[in-house]
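Good morning, and thank you for coming. Please look at the sequence and the structure together while I speak.

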Amino acid sequence: MTKSQADVVRVALELLDEQGIGAVSMRAIAQRLGVRMNTVLWHAKSKARLDELMADAIVAGASLDGLPTPWHERAAEIVRRYRAALLARRDGATVVAGTYAAEPATLDLADALIAALLDGGYPEREAAWTAFNLVYFVLGLTQEEQALPQRPITAEALGERPALRRVLPTLNDVSFDERFAFGVARLLAR
């Protein structure tokens, strides 16, 4: 049976969800598809290219349909959907953060986000930079959420760091939804 690039990406994402980013390899994909590695390489070219294709498929999970009309609500909803798409895949944020995917879904999301900011009166440069900052914030927060340690940070681990000791309860607070809402509100404040 003939395999396609879509088959390669689908299997890569299956491996990602089942075993995490460390399990995704050209060899593992070939084995799962029942083909030679050359077939996988024909469709993905390299591991870096595979990562780009996976990242774009993950971002494609952020629907741009039915967005609110007001620019502020629209921008906030786009990044909320972006975060949800990253969280829908095991290690999703790590895969996306590790690439520069100039691919359709990624470009569509960036275009929609920048359009919302432009509609809000941001100058072009500020709209682009605010969009980048929103994406970087969401990627970083989501990576942390997906890699959350099983044990809390202790005062002993902080040593003599008075500012960190002072906010220790906040460091162990895992209310990622609240942290997300706070960060987006700050980044979109005008």
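A residue is called buried when its relative accessible area is under 20%, exposed when that area is over 50%, and partly exposed in between, with a 1.4 Å probe and protein chains only. What you see is a predicted model, in which local features need pLDDT of at least 70, side-chain atom pairs count only at pLDDT 80 or more, and totals for chains, interfaces and linings use all residues. Residues are numbered from 1 along each chain as its sequence is written, and side-chain values use heavy atoms, with hydrogens and water left out.

I begin with helix 3. Helices here are DSSP runs of H or I with at least four residues, numbered from the N terminus. Leu41 has its place in helix 3, and because its relative accessible area is 30%, Leu41 is partly exposed. Its C-alpha atom is separated by 9.4 Å from that of Val8, a residue 33 places away along the chain.

Helix 2 spans residues 26–33, and its buried residues are Met26, Ala28, Ile29, Ala30 and Leu33. Which helices cover these buried residues of helix 2? The cover includes helix 1 (5–19), helix 3 (37–44) and helix 4 (47–59). After helix 2 comes Gly34, with a positive phi near 70°.

Two packed helices are described by the angle between their axes and the distance between the axes. The axes are lines fitted to C-alpha atoms, for helices over the stretch in contact, and the angles run from 0 to 180 degrees between N-to-C directions. Helix 2 packs against helix 3 at about 115°, and their axes are 8 Å apart. Helix 2 is therefore roughly perpendicular to helix 3; under the convention, angles under 35 degrees are roughly parallel, over 145 roughly antiparallel, 65 to 115 roughly perpendicular, and the rest oblique. The crossing of these two helices is right-handed, the term for a near helix turned clockwise from the far one by less than a right angle, with left-handed for anticlockwise.

Contact means heavy atoms within 4.5 Å. On the helix 2 side, the contact is made by Met26, Arg27, Ile29 and Ala30, and on the helix 3 side by Met37, Val40, Leu41 and Ala44. Seven of the residues in this contact of helix 2 with helix 3 are nonpolar, none is polar and one is charged. In this scheme Ala, Val, Leu, Ile, Met, Phe, Trp, Tyr, Cys and Pro count as nonpolar, Asp, Glu, Lys and Arg as charged, and the others, Gly among them, as polar.

Next, helix 5 and helix 7. Their axes come within 8 Å and cross at roughly 155°, so helix 5 and helix 7 are roughly antiparallel to each other. Helix 5 passes helix 7 in a left-handed crossing. Helix 5 contributes Trp71, Arg74, Ala75, Ile78, Val79 and Tyr82 to the contact, while helix 7 contributes Leu109, Ala112, Leu113, Ala115, Ala116, Leu117 and Asp119. By class, the residues of this contact of helix 5 with helix 7 are 11 nonpolar, no polar and two charged.

I turn to the charged pairs. Side chains of opposite charge can pair when their charged atoms come close. A salt bridge requires a side-chain nitrogen of Lys or Arg within 4 Å of a carboxyl oxygen of Asp or Glu. How many salt bridges does the structure hold? There are 15.

One of them joins the side chains of Arg74 and Asp119, at 2.9 Å from N to O. This pair links distant parts of the chain, with Arg74 in helix 5 (residues 71–87) and Asp119 in helix 7 (residues 104–119), 45 residues apart. Arg74 is buried, because its relative accessible area is 14%, whereas Asp119, at 53%, is exposed.

Arg10 and Asp7 form another salt bridge, at 3.6 Å from N to O. Both residues lie in helix 1, three residues apart, about one turn of the helix. Arg10 is partly exposed, with a relative accessible area of 39%.

Is Met54 buried or exposed? Met54 counts as buried, because its relative accessibility is 1%. Leaving aside neighbours within four places in sequence, Met54 is in contact with Val9, Ala12, Leu13, Leu16, Val24 and Val95.
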